[in-house]
Amino acid sequence: MNAREIVSGVSALGARDFDRRLFDELIPLPDGTSYNAYLVRGNDKVALIDTVDPHKTGVLMAQLESLSHLDFLIIQHVEQDHSGSAPMVLARYPNATIITTPKAKPMIVDHLHIDPQRIRTVENGQILSLGGRTLEFIHAPWVHWPETMLTYLKEDRILFTCDFLGSHLATTELYGREKARVYEAAKRYYAEIMMPFRAMIKGHLEKLARYEIDIIAPSHGPLYDDAGFILDAYKHWVSDPPANLVVLPYVSMHGSTQAMVDHLISALADRGVCIEPFNMTVTDLGRLASTLVDAATVIFATPTLLVGPHPSIVSSAYLVNALRPKLRHAAVIGSYGWAGKSVETIVGLTSKLKVKWLDSVMVKGLPDGATFKALDRLAEAVATEHQNLEDKPARRLHS
Ligand code: FEO
């Protein structure tokens, strides 16, 4: 795609990746993604903000073909899907200087083998004048690497945010007009990438309150010309308390665990608790992550394989632990053939979660009446813990 004007002198560049179906070789991308870059022209100087993933370098270089001179390449984040084309940009513009944070400088050298002489660092709040246009750099560590920064273009009130506030969504629209689609993509993105850094993000959102922002320009997905849409969504996602919602990752091999899952779903629903089960043999991990944004409780349901949990449940427990959602309670249910240590293994895999463990229900062989009564007690305990929580909120859409 060609460059597109956001306002006079500021253009959106970059590449749409409609075919990409997996990110980090882990998370499904149902709607592809994009790698956005931005060109800002002042009266005296020209700056490029971010680049694109190396496999799309050709698209960016074609967009830059008519640009004879570049003064600054602003690298907001070193991960290669944004910085990976920097060596080619620097080769094309031998007088261009990289602008980045002090933490990012050695990382750029390590990851891209760029000459450190070509890198200038900026402190938090530092200004760079392009002549008639002013860029302010806002350090924002841990969205989602330690070296990240945002860039605020004062005169046009545009905030460039790199990964922060972005979405994996490939679209030809400059702005996301289908709000429900954008909301879901941005929430999935938050869940997968940003949720582990919830506490830091709260602080960054507070810092941004003093800026007047008309347009938010992330480096994945469409731009926002209604900044409140995505800022309000983030404020909600990072805030407590969680919703009256149980997430239930499960696997069943011979039907015993499935019977327990089915019973528990009914028992929770009867008590007014919302529940979202995920069969981990066919689950889209992005959907699971997105649901964890709001959930108050996780219940892992597993058969026993080689005396431990099923490997798909091990994987889901590891992921839940890594994403660090605002869960408050957890439990394990399942079955075993003759013996097993599934509960201990799952508790050990989720040590970063600050949860209260409710009584687990593990049965030898087929579940029976006593098993179902134990599941009813678990459902009752969850309902009691959830009694002051609100149901999962509807999407908060501005328009
Ligand atoms: Fe989109 Fe952290 O890179």
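Predicted model: local features only at pLDDT ≥ 70, side-chain atom pairs only at ≥ 80, totals over all residues.
Let's begin with strand β11, which covers residues 134-139. Here 6 of the 6 residues are buried, so the strand is largely enclosed by the rest of the structure. You can check this on each face: Thr 134, Glu 136 and Ile 138 are buried on one side, and Leu 135, Phe 137 and His 139 are buried on the other. Now look for the partners of β11. Strand β10 (residues 127-129) runs antiparallel to β11 and is joined to it by 3 bridges, with Ile 127 standing opposite Glu 136. In the hairpin of these two strands, 4 residues lie between them, and Gly 131 takes a positive phi near 90 degrees. Strand β12 (residues 149-153) is also antiparallel to β11, joined by 5 bridges, and in this pairing His 139 stands opposite Met 149.

Next, find helix α4, residues 104-112, whose buried residues are Ala 104, Met 107, Ile 108 and Leu 112. Looking down the axis of α4, you would see these buried residues fall within an arc of 105 degrees, so they line one face of the helix. They pack against α2, α3, β8 and β9. Just after α4 comes His 113, with a positive phi of about 55 degrees.

Finally, turn to His 168, in the loop between β13 (158-162) and α5 (179-194). Is His 168 buried or exposed? Its relative accessibility is 6%, so His 168 counts as buried. Its side chain makes a polar contact with the side chain of Thr 33, at 2.7 Å. His 168 also touches other residues, including Phe 23, Tyr 189 and His 220.

Terms used
Residues numbered from 1 in each chain as written. Heavy atoms only, no water. Buried < 20%, exposed > 50% of the residue type's maximum accessible area, 1.4 Å probe, protein only. Arc of directions from axis to C-beta. Contact = heavy atoms within 4.5 Å. Polar contact = N/O pair within 3.5 Å; in protein donor to acceptor, adjacent residues only side chain to side chain. Pairing = 2+ DSSP bridges. Lists of a residue's contacts leave out its neighbours within four places in sequence.
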